[in-house]
Structure formats: structure tokens, C-alpha cells
Amino acid sequence: MEKRPFEILEHPADIGFRAYGGTREELFENAALALFSLTCELGAVEERESREIETTGSDNETLLYAWLAELLAVAEAERLVFRRADVTALEPNRVHGTAYGEPFDRARHEMGTHIKAVTFHQLFVEQSAEGWRAQVFVDL
Amino acid sequence: MPIPRSALQKLDDLRWLVPRSTREGMRTDAVIYADEKLLAQILGDLSIDQAINVAFLPGIVGRSLAMPDMHQGYGFPIGGVAATRLSDGVVSPGGVGFDINCGVRLLASNLERDALLARDDYEKNVPKLRTLVNQLFRDIPSGTGAEGPIPVTFPELDDVLARGAAWAVDHGYGEASDTEYCEEHGALPSADPSQVSHRAKQRGRTQLGTLGSGNHFLEVQYVEKIFEPATANVFGLHEGQVVVLIHCGSRGLGHQVCTDFLKTMNEAMRKYNITLPDRQLACVPSQSPEGQAYLGAMAAAANFAWANRQVITHFTRRAFQRILGDAVRLRLVYDVAHNMAKTEHHRVNHDEADILVHRKGATRCFAAGSPFIPSAYRGVGQPVIIPGSMGTASYVLVGTQRAMDETFGTVCHGAGRAMSRTAAKRGRNVRDETQKLEAQGVLLRSETRDGILEEVPEAYKDIDAVIDVVHRAGLARRVARLKPMGVIKG
């Protein structure tokens with residue numbers, strides 16, 4: 001299995017990442033971590049608040065898309081920055097998790113490029129002998 | 001791998017055909033508008049493959065079209081245009097994009113360039129331009145997490161979603177004539193706020209009057225060159241005049257509407273037996289329950305974008321008056337959308353029909369005589385406003401009959417990216433880039449480092465070349481070129 005939790009990919013106009021995990025749960029957590037790392041310099045984010053995240057999807061790809069999209073939406077709607085998300089229950093078509101972070105503070109949080117949305121572009125989730133792997137591109 | 005150049009048939013110097021036979025499953029040809037130089041850039045990414053994928057959409061009418069600013073997007077290429085039959089064709093949220101009704105509006109002032117270069121009344125060693133740019137930067141929030149000047153309640157938001165620019169004008173953010181000078185009068189009446197999710201409303205509720213980030217900006221510009229004096233006169237533009245260009249969209253609300261419906265449609269496509277080469281192209285029949293729900297939500301998000309640009313216009317006028325005096329006027333020349341799907345009446349294969357025109361990074365450009373443009377402009381055609389990259393130039397064009405005949409009355413939307421954001425940042429720093437622009441007479445205020453580095457002019461195609469193609473292809477004519485003096489962005 002890949003030792004890195006994720007790697008960043010280039011796209012002509014936007015950006016993406018590959019995430020890895022020994023289990024499907026770990027894959028979802030690392031994909032969330034990749035997403036957060038694009039949003040903000042994570043070193044400065046403290047875990048002072050948490051939010052429960054629950055969403056559904058009819059296959060692995062749609063479920064990962066929905067999970068990341070929901071994390072992005074909750075952060076923006078509540079003006080939070082997250083640094084970590086734990087998956088607490090993962091069924092074939094449903095994911096439940098908890099995201100940890102704090103209110104966005106312009107003075108302390110160096111924001112990266114604003115992510116508008118998660119896309120289905122070349123999105124895949126696959127399992128091999130080494131573990132789980134996913135590719136995601138986001139719209140900036 | 002990108003499609004090879006040998007797959008393209010040259011129709012003339014500016015038109016390239018990808019025949020329907022190129023890939024099994026294409027329902028029509030694709031046509032790319034570009035000159036040799038732009039085509040070489042376009043062939044460097046997957047954008048032509050994306051125009052080919054668009055040709056797979058059920059019920060597509062005419063050809064899958066792409067403008068010279070085209071570059072790789074998600075699903076549709078940016079710069080892509082496709083129309084579908086209303087009876088059995090599809091609607092694709094990917095053909096509109098995440099930023100529903102991203103668009104531009106141009107305000108023309110009664111000031112000349114010199115007025116902004118004069119010394120500030122209080123700080124004698126700086127020009128008024130700097131004071132103005134600072135004021136605009138304070139009054140018009142930009143960047144991630146920015147809260148707007150007028151947060152609305154959820155019931156008020158539903159009103160915004162139903163009424164668009166008119167909501168803002170009725171609440172004191174604008175002048176009565178402003179809505180007349182917007183595409184669709186600044187509101188699609190088909191909006192259905194009940195189809196917009198609570199999550200989308202949560203994201204948008206505090207964002208009215210904010211620019212957002214990425215390539216969105218507000219620029220103080222001047223009219224550098226007039227190409228067609230008679231038409232410029234009708235639009236009220238003359239050389240040396242100070243104008244303002246506002247480029248932004250529906251913010252988080254629109255992004256969430258697209259996000260929600262991409263999921264819905266990906267799950268519903270099986271039901272309608274639709275298979276496509278790219279899931280981001282997800283679509284459903286436009287008359288289906290899911291299709292109608294999307295179109296209602298999309299129209300609501302479009303209205304939010306018009307209200308947003310209207311509120312920003314109000315705060316821009318106020319900032320100008322505060323710095324330059326109460327006699328300053330900023331008249332709305334026109335407001336156009338460049339991410340939208342709309343039912344329009346067009347001539348298709350010798351018949352006239354209502355069709356659903358998707359414009360993904362492409363601008364409506366209706367010809368003279370159209371009832372859908374303000375009566376003051378009907379004798380010459382619709383003003384088409386094309387923002388260039390940061391610090392270069394923007395253009396005002398006018399719509400032509402050729403575009404009505406060939407491209408469903410559509411033209412390009414900007415310069416179009418030529419370099420990835422990561423590549424743009426490599427080896428560049430904010431101080432040098434800002435100073436480079438200042439040396440060219442452009443003052444820049446940005447909320448973030450990435451907002452500057454990712455948008456450097458070198459990351460984009462040459463706007464003059466893009467405009468040259470659409471002008472020579474006869475899709476729109478050059479009326480005026482605008483040069484930036486001050487930029488604020490996220």
C-alpha cells in the first residue's frame with residue numbers, strides 16, 4: 001500500500017488529488033484530508049469544534065463525491081475550517097463521520113485556493129491487493 | 001491522450017470540424033473556432049475530447065460548438081456550446097457549470113481617465129485611483145469566507161431567488177433602469193426557489209454583494225480604443241472614459257445547486273437509459289421531473305447571481321461617489337451571463353424551434369433587431385462584454401446575424417486559461433507580480449496570494465487573439481477595447 005495519505009494532481013484549469021487507504025474508511029478519511037489541505041494551511045487549524053456529517057450515494061464514487069461535497073458545504077455554510085474527518089460508519093451506500101476544526105479566522109488561517117465544488121471528472125474509487133485508491137478533481 | 005490534429009478537418013482559417021464519424025456514439029459533428037496558434041494551445045489539453053463528448057448528448061441540435069477561448073473543463077469544455085431539443089433532449093448541469101450565471105456587467109461613468117490620475121485631496125502623494133481602489137476593496141468583500149454587506153433571512157432569500165436584480169433594485173440597491181440593461185432583465189421567471197436545497201441557501205444567504213475568488217474581479221478600466229464609433233456611441237462609450245467591469249456569479253449557492261443535481265442526475269441516468277463517456281456530463285431529459293427541478297433551481301441560482309452583481313453595483317457607485325464626488329454617475333451598459341442553459345427560439349435546419357441552449361463559458365450575442373435586447377441597442381445589436389485576464393484588456397463586442405445562424409447567437413467569454421494554476425504559481429511571487437502590474441499602471445488589491453499568482457496574465461491565452469478570431473469569423477464585431485487601471489479580487 002502507498003505510505004502517503006494522498007498526492008496532489010494538476011489539471012489544466014483546476015486541481016485534483018489521489019488518496020489512499022488500507023481500508024475504505026481510511027480512504028474516505030484521507031480524501032477528506034487532501035480536500036482540507038487544499039483549502040487551508042492545516043498547521044494553523046485547531047480542533048475546537050466538530051460537526052456530524054452523514055450522506056448517501058448509490059455507488060463508491062457517488063458516495064465519495066457526496067461525502068467530500070458535504071464537508072465542503074458545511075465548512076462554507078458555517079464558516080468553519082476543518083483539519084480532519086473521521087469515518088464512524090461506512091455502509092455500501094451511506095457514510096457517517098465527524099469533521100473537526102474551528103471557525104475561520106482571517107488573521108490566523110492562510111487560505112489556499114477557494115474550492116467551489118467536487119466533480120465527477122475522472123473520479124474513481126478502486127481496490128487492489130495493496131489497498132484502496134481514489135482520484136478526485138475539484139473545481140476552483 | 002488529447003485528440004491528434006490529424007482528426008480535425010479544416011473548414012476555413014478559423015473553423016475546424018471534428019466529424020461525427022470520429023467516435024462511435026457521437027450524434028453530431030463538433031466545430032472548433034480557432035486560428036492556427038490558438039488551436040495549437042487547445043490541442044495541448046483534453047478540451048476537444050470534451051467537445052466530442054458533448055456531441056453524445058441525447059437530443060443535441062446542430063453541432064457541438066467550441067469557442068477560441070476553449071480549455072479543459074469538467075464534462076463540457078469551457079467555451080462549449082450545445083443546444084438540445086425540448087421534446088426529447090436532455091439538460092446537463094455540466095453544460096452550465098458550478099458557477100451558475102457567472103457573468104459580467106459593464107458600468108460606464110461620466111469621468112475621464114485623468115480624473116483618477118489626479119492627486120488625492122488628502123493624501124497628496126497618491127492618485128485618487130489608489131484611494132478609490134482601497135475604498136472598493138473595503139466595500140466589496142472578496143475571497144473565501146467573505147461575508148456580504150447585506151445578509152438576508154431565509155424567506156428574504158427566496159424572494160431574491162424569485163426576483164433577481166429587481167429584488168435588489170426594489171430594496172434600494174440600484175436604479176430603476178438597471179434591470180432593463182441585463183440579459184433577461186436580470187431574472188429568469190422560471191425560477192423555483194423550492195428546488196434549491198437548504199444547504200445551498202445556507203451557503204448563499206450571507207454572500208450577496210461578494211465577489212468570491214478565483215478569476216472573479218472588479219476592475220476600474222478606461223476605454224483605450226474604439227473600433228466602431230457609431231456602435232460605441234449607441235452603447236454610450238468613448239475613448240478615455242472610465243468604466244467598471246464586474247465579473248462574478250452565484251457564489252456558494254450556485255455551486256451547491258450544481259453539486260446537488262450532479263448527484264441526482266448521476267443516479268437518475270440509469271432510469272432514462274442514458275450512458276455517456278464522462279460522468280460529469282450527467283444529464284436527464286429536460287422535461288423529466290429531475291430535469292424540470294434542475295432548471296427551476298438553476299434559474300433561481302441565476303437570479304441570485306443577478307442580484308449579487310446588482311448589489312455590488314450599488315456599493316461600487318457609492319464608493320465612486322465617496323471618493324470622486326456626488327456628481328459621479330455609473331450607468332449600466334449591459335449585464336451578460338456566460339454560464340447558463342436557457343430556452344431560446346432559433347432557426348434550426350430551415351425550421352424555427354424553441355431549444356435549450358447550454359453556454360458553458362460562452363456569451364449570448366444576439367444580433368440587431370432581436371426583441372430580447374434593450375430597445376436602445378436594438379438597432380445595432382447586443383453589447384457583448386468579454387473580460388480579459390488580470391491586467392491585460394477586456395472588450396466590448398456587438399452581436400451579429402452570423403452568430404444567430406451558426407452558433408445559436410453565442411460567442412466566446414474571455415481569454416481562457418492556458419496554464420494550470422499550479423504551473424502559474426511556480427517561480428512567481430506576489431511582490432514582483434504586483435509591481436509588474438503597477439509599472440503598467442494597474443493597481444492591484446487581492447485578498448489572497450493565490451488570487452494574484454494563479455491569475456497572472458501569462459496563465460491565459462492572448463485575449464487580443466481570441467477576439468480577433470471571433471471578429472474575423474463574423475460571430476461578433478469589435479466595438480471597444482478596455483484597459484485596466486485598478487483591480488480588486490479574491
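This is a predicted model: local features need pLDDT of at least 70, side-chain atom pairs count only at pLDDT 80 or more; totals for chains, interfaces and linings use all residues.
Visitor: By class, which residues make up the lining of the largest cavity?

Guide: The lining of the largest cavity has 11 nonpolar, 16 polar and 9 charged residues. Here Ala, Val, Leu, Ile, Met, Phe, Trp, Tyr, Cys and Pro count as nonpolar, Asp, Glu, Lys and Arg as charged, and the others, Gly among them, as polar. Residues are numbered from 1 along each chain as its sequence is written, chains are lettered from A and ligands numbered from 1 in the order in which they are written, and side-chain values use heavy atoms, without hydrogens and water.

Visitor: How many cavities of 30 Å³ or more are there, and which residues lie nearest the centre of the largest one?

Guide: Rolling a probe the size of a water molecule over the atoms shows where empty space is left. On a 1 Å grid over the protein atoms alone, a cavity is a set of points where a 1.4 Å probe fits but cannot get out, a pocket is an open set with protein on both sides within 12 Å along at least five of seven lines, and lining residues have an atom within 4 Å of a point. Points are joined across faces, edges and corners, and the volume is the space filled by probe spheres set on them. This structure holds 4 cavities of 30 Å³ or more, and the largest has a volume of about 530 Å³. Of its 36 lining residues, A:Lys116, B:His71, B:Ile78, B:Asn215 and B:His413 lie nearest the centre.

Visitor: And what lines the largest pocket?

Guide: That pocket holds about 600 Å³ of space. It has 32 lining residues, with B:Lys342, B:Thr343, B:Glu344, B:His345 and B:Phe372 nearest its centre. Strand S12 of chain B gives the most, 7 residues; helices (H or I, at least four residues) and strands (E, at least two) are DSSP runs, numbered from the N terminus. By class, this lining has 14 nonpolar, 11 polar and 7 charged residues.

Visitor: How much area do chain A and chain B bury between them?

Guide: The size of an interface is often given as the accessible area lost when the parts come together. Buried area is what two parts lose that way (1.4 Å probe), summed over both. Chain A and chain B bury about 3,500 Å², 48% of it on carbon and sulfur atoms. In chain A, A:Pro12, A:Lys116 and A:Phe120 lose the most area to chain B, together 17% of what that side buries. The contact (heavy atoms within 4.5 Å) takes 40 residues from chain A and 45 from chain B.

Visitor: Is B:Ile467 buried or exposed?

Guide: B:Ile467 counts as buried because its relative accessibility is 0%; buried means under 20% relative accessible area, exposed over 50%, and partly exposed in between (1.4 Å probe, protein chains only). It sits in helix H15 (residues 463-472) of chain B. Leaving out residues up to four places away in sequence, B:Ile467 touches B:Ile386, B:Tyr395, B:Leu397, B:Cys412 and B:Arg478.

Visitor: What about B:Ser389, buried or exposed?

Guide: B:Ser389 is buried, at 6% relative accessibility. It lies in the loop between strand S15 (383-386) and strand S16 (394-399) of chain B. Beyond its neighbours within four places in sequence, B:Ser389 is in contact with B:Ala415, B:Pro457 and B:Tyr460.
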